[in-house]
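Let's take a walk through this one together, starting with a strand and then moving on to some rings.

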Amino acid sequence: MKKILIIEDDKKLSDGIRLALRNEYSCSQAGSLQSARNNFDVRQFDLVLLDVNFQDGNGMDYLAEIRRESRVPVILLTANNMEMDIVSGLEQGANDYITKPFSLMVLRARVNVQLREDGNNTDIFNDGDFYFDFYKMEFLYKGKRLDLSRTEQRLLRCLTSNKGRSVSRSQLIDETWNGESEFVEEHALTVAINRLRKKLGVNKDHPEYIKTVYGVGYIW
């Protein structure tokens, strides 16, 4: 059962949401931003329902905190039906929004869209000692967390999604720098590869997971 975190200071509304979703999802509740920060790791959830206005802070600020460490889907719950509020939330990384008052049936439909199964999860790579969850941005080696930059995450995803196949330097540059390859020096890829190898623990006592294919590129 997928897990949802409801961050809402209106207890009646929060309880109503939990009851509406409980047959399909496992729901946890936080009545304030401080409670959410203290008691929950958003990376352990499959979706976050986030109110915008709290007595102890602004939901938009907390959304920015979430996006620094996770790509978990976030649906904003807001009483502000103003264009700038909607634009601001989406620009900061919200996946969807719903304005109060809203139908719980409509909310459930929005949640289902975000958590729809696609039958082929390419967000998770599990290979022996390595476990990479690109969706939640969680990267583990023998259970120990690896801290990777966004560039390193994109580079790693390109390599692991082509496991066993050589990936050209040009393809790696295009996918890692999101189409901005004309502004990227080719040496930047070599630097990024070396940095990623170091973080993955490549040394004389370990196999080289990212191998150089001379004249072509690299292979996982």
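**A strand and a ring cluster**

I4 stands opposite L47 in strand β3. Keep in mind that this is a predicted model. That pairing belongs to a set of four bridges that join strand β1 (residues 3–7) to β3, with the two running parallel. On to another neighbour: β3 is also joined by four bridges to strand β6 (residues 74–78), again in parallel. Here V48 has V74 as its bridge partner in β6.

So how buried is β3? Five of the five residues of this strand (residues 47–51) are buried, so the rest of the structure largely encloses it. In a regular strand, side chains alternate between the two faces of the sheet. For β3, L47, L49 and D51 sit on one side, V48 and L50 on the other, and all are buried, leaving both faces covered.

Now for the rings. The structure holds 12 aromatic pairs. Take F132 and F134: their ring centres are 6.2 Å apart and their planes are at 65°, which is over the 60 degrees needed, so the pair counts as edge-to-face. Both of these residues are buried.

F132 also pairs edge-to-face with W220, at 6.1 Å centre to centre and with 80° between the planes. This pair links distant parts of the chain, since F132 is in strand β9 (residues 130–133) while W220 is in the segment after β14 (217–219), 88 residues apart. F132 has a relative accessible area of 0%, so it is buried, and W220, at 10%, is buried too.

Which residues make up the aromatic cluster that holds F132 and W220? It's formed by F125, F130, F132, F134, F139, Y141, Y209 and W220.

Note on methods
Residues numbered from 1 in each chain as written. Predicted model: local features only at pLDDT ≥ 70, side-chain atom pairs only at ≥ 80, totals over all residues. Heavy atoms only, no water. Buried < 20%, exposed > 50% of the residue type's maximum accessible area, 1.4 Å probe, protein only. Pairing = 2+ DSSP bridges. Phe/Tyr/Trp six-rings, centres within 6.5 Å; stacked < 30°, edge-to-face > 60°.
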